[in-house]
Amino acid sequence: MKFPASVLASVFLFVAETTAALSLSSTYRSGGDRMWQALTLLFSLLPCALVQLTLLFVHRDLSRDRPLVLLLHLLQLGPLFRCFEVFCIYFQSGNNEEPYVSITKKRQMPKNGLSEEIEKEVGQAEGKLITHRSAFSRASVIQAFLGSAPQLTLQLYISVMQQDVTVGRSLLMTISLLSIVYGALRCNILAIKIKYDEYEVKVKPLAYVCIFLWRSFEIATRVVVLVLFTSVLKTWVVVIILINFFSFFLYPWILFWCSGSPFPENIEKALSRVGTTIVLCFLTLLYTGINMFCWSAVQLKIDSPDLISKSHNWYQLLVYYMMRFIENAILLLLWYLFKTDIYMYVCAPLLVLQLLVGYCIAILFMLVFYQFFHPCKKLFSSSVSEGFQRWLRCFCWVCRRQKPCEPIGKSDLQSSRDRDETPSSSKTSPEPSQFLNTENLCSA
């Protein structure tokens, strides 16, 4: 049975960020910054409430008679109680024999083109731990993108405008960045396990390192770009946020309406149609929050029973990163044109170059992950290197097609010039027949 390290990491980040946010809000209050205090508390307490609801929803405690658990969740102590419960199950699992076990069937990764199906016994204790890990993974994603991401953006904006970074603010920004990166990492792992549910997925340590570096560069550069743009064009940033929000929020619903599928009713049996709509809107909101800061790694599909598209779409990945890179470049250009005196001692061209290169480094680590460290890369129909080779061949083919056209165009231009010059030259020079006649006379 695996040690529940992911549960411990989720609880640590939850407690550390909440404590740091409450301490910093008291500092803002003593300094008279009521607005910063209110926003700091909002981005701290709102994800706390959402995390409590997520844990209750996954464990289905609302329909069970557990008043103590409900009370602890109301007091915002639910994650601590769940963590204590996880470690109690983990340390007691080896002492008692499991009277009932369930058998799960998983397929191994193909070797030499063959994939074997293996059976594994899962006891009640291990099943409970799997449920707890799944619940904390989802809670980490919610905390990261509905709380930590806005919190990091806010605190960095305050630091830029005040031109000062206090110890408490730097600590909260560091914890928030770690929380976002960890949430993005869990999102990647959840996407892999959902898409390849019938396979036994084993993620290697180097894969975790690669994902961590990929997400760190991507999220850090994105947050800095948004903060720089907000510091000079406060009104226009609202337009940028609204365009991003409605684009990602409405996209899954537009696909659902175009598909003509019936409204999903199998999310949770205890939920009514209104409750199902609220849950779907919340999932869409979470999907939107993730994509505003980084690639979500999953595509929300409302007409699917799993609500997740299991097909890997390279085209959407390519379009997302191309559009995000162009957007970041445009925002940095506008910041460079309208920057104020607070950036007097900042080398603006170097900063723009560093941010764009940082985003390119994030894309590089992403390609390295999908090429070398993805646990299910053997199931891909085409790899990253093969796609790059195809693109390179198409580019070379287009270049070869254009090169022969250039001499032809030049020869056509030269021949047209010769035609234009021929009538004027015929007036002063003799015709070819005249040259022949003079040569015959000379020979005679």
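Mentor: Buried means under 20% relative accessible area, exposed means over 50%, and partly exposed is in between, with a 1.4 Å probe and protein chains only. This is a predicted model, where local features need pLDDT of at least 70, side-chain atom pairs count only at pLDDT 80 or more, and totals for chains, interfaces and linings use all residues. Residues are numbered from 1 along each chain as its sequence is written, and side-chain values use heavy atoms, leaving out hydrogens and water.

Trainee: OK. Glu 218 and Arg 215, buried or exposed?

Mentor: Both are buried. They also form a salt bridge, with the closest N and O atoms 3.1 Å apart. A salt bridge here is a side-chain nitrogen of Lys or Arg within 4 Å of a carboxyl oxygen of Asp or Glu.

Trainee: Where do Glu 218 and Arg 215 lie?

Mentor: In helix H7, 3 residues apart, about one turn of the helix. Helices are DSSP runs of H or I with at least four residues, numbered from the N terminus.

Trainee: How many salt bridges does the structure hold?

Mentor: It holds 4. One of them joins the side chains of Glu 327 and Arg 222, at 3.4 Å from N to O. That pair links distant parts of the chain: Glu 327 is in helix H10, Arg 222 in helix H7, 105 residues apart. Both Glu 327 and Arg 222 are buried.

Trainee: What do the buried residues of H10 pack against?

Mentor: Helices H7 (205–232), H8 (234–259), H9 (273–293) and H11 (348–373). Contact means heavy atoms within 4.5 Å.

Trainee: Switching to rings. How many aromatic pairs?

Mentor: There are 20. Rings of Phe, Tyr and Trp (its six-membered ring) pair if their centres lie within 6.5 Å; planes under 30 degrees apart count as stacked, over 60 as edge-to-face, the rest as tilted. Phe 245 and Phe 249 are stacked, at 5.5 Å centre to centre and 10° between the planes.

Trainee: Why are Phe 245 and Phe 249 separated by about one helical turn?

Mentor: Because they are 4 residues apart in helix H8. Phe 249 counts as buried because its relative accessibility is 18%. Phe 245 has 24%, so it is partly exposed.

How values were computed: Helices (H or I, at least four residues) and strands (E, at least two) are DSSP runs, numbered from the N terminus.
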